[in-house]
Amino acid sequence: MLETEELASLSDIAKQENISISYAAKIYRLNFISPKIIEVIINGTQPRDLKLTDIFAKKCPEIWQEQEEKFCIVD
């Protein structure tokens, strides 16, 4: 919706979807998480102590390889 300029902000999306702005921001940030990290969490094969909420709570590097190293995701 932001990309197509259908809506101008996360706040607008939150209002339209009837969700909180903080939840909309968390979902938006998923766009910047390594697909490998998301895949292992969805598959349940992530390190035992890693949850998606942990990724939001910690400062996450922008580079996917650095994210994977920080959260101990290996091939």
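## Starting in a loop: Ser-34

Let us begin with Ser-34, which is found in the loop between helix 2 and helix 3. Helices here are DSSP runs of H or I with at least four residues, and strands are runs of E with at least two, numbered from the N terminus. This is a predicted model, where local features need pLDDT of at least 70 and side-chain atom pairs count only at pLDDT 80 or more, while totals for chains, interfaces and linings use all residues. Residues are numbered from 1 along each chain as its sequence is written, and side-chain values use heavy atoms, with hydrogens and water left out.

Is Ser-34 buried or exposed? Ser-34 counts as buried because its relative accessible area is 0%; the cut-offs are under 20% for buried, over 50% for exposed and in between for partly exposed, with a 1.4 Å probe and protein chains only. Not counting residues up to four places away in sequence, Ser-34 touches Trp-64, Gln-67 and Glu-68, where contact means heavy atoms within 4.5 Å.

## The whole protein

Now for a wider view. The protein has five helices and zero strands, so its elements run α-α-α-α-α from the N terminus on. The C-alpha trace spans about 40 × 20 × 20 Å along its principal axes. Of the 75 residues in the protein, 21% are buried. If you take contacts between residues at least 6 apart in sequence, 39% of them join residues at least 24 apart.

The protein exposes about 5,700 Å², and carbon and sulfur atoms supply 54% of that area; accessible areas come from the Shrake-Rupley method with a 1.4 Å probe, and for residues only the protein chains shown count as cover. There are 9 positive and 13 negative side chains, with the centres of the two sets 10 Å apart. Lys and Arg count as positive and Asp and Glu as negative, leaving out His and the chain ends, and each charge is placed at NZ of Lys, CZ of Arg, CG of Asp or CD of Glu.

## The largest nonpolar core

Which residues make up the largest nonpolar core? The eight are Ile-33, Ile-37, Val-40, Ile-41, Leu-50, Ile-55, Phe-71 and Ile-73. Such a core is a set of buried Ala, Val, Leu, Ile, Met, Phe, Trp, Tyr and Cys residues joined through side-chain atoms within 4.5 Å. Helix 3 (residues 35-43) gives the largest share of this core, three residues.

Leaving aside neighbours within four places in sequence, Ile-55 is in contact with Ile-33, Ile-37, Ile-41, Leu-50, Cys-60 and Phe-71.

Gln-67 counts as buried because its relative accessibility is 1%. Beyond neighbours within four places in sequence, its contacts are Phe-32, Ile-33, Ser-34, Ile-37, Cys-60, Pro-61 and Glu-62.

Ala-24 lies in helix 2 (residues 21-29) and, at 5% relative accessibility, is also buried. Residues up to four places away in sequence aside, Ala-24 touches Leu-10, Ala-14 and Ile-19. Ala-24 and Leu-10 are 14 residues apart along the chain, with 6.4 Å between their C-alpha atoms.

## An aromatic pair

The count of aromatic pairs comes to one. Tyr-28 and Phe-32 form this edge-to-face pair, at 5.4 Å centre to centre and 70° between the planes. Rings of Phe, Tyr and Trp (its six-membered ring) pair if their centres lie within 6.5 Å; planes under 30 degrees apart count as stacked, over 60 as edge-to-face and the rest as tilted.

Tyr-28 is partly exposed, with a relative accessible area of 35%, and Phe-32 is partly exposed at 46%.
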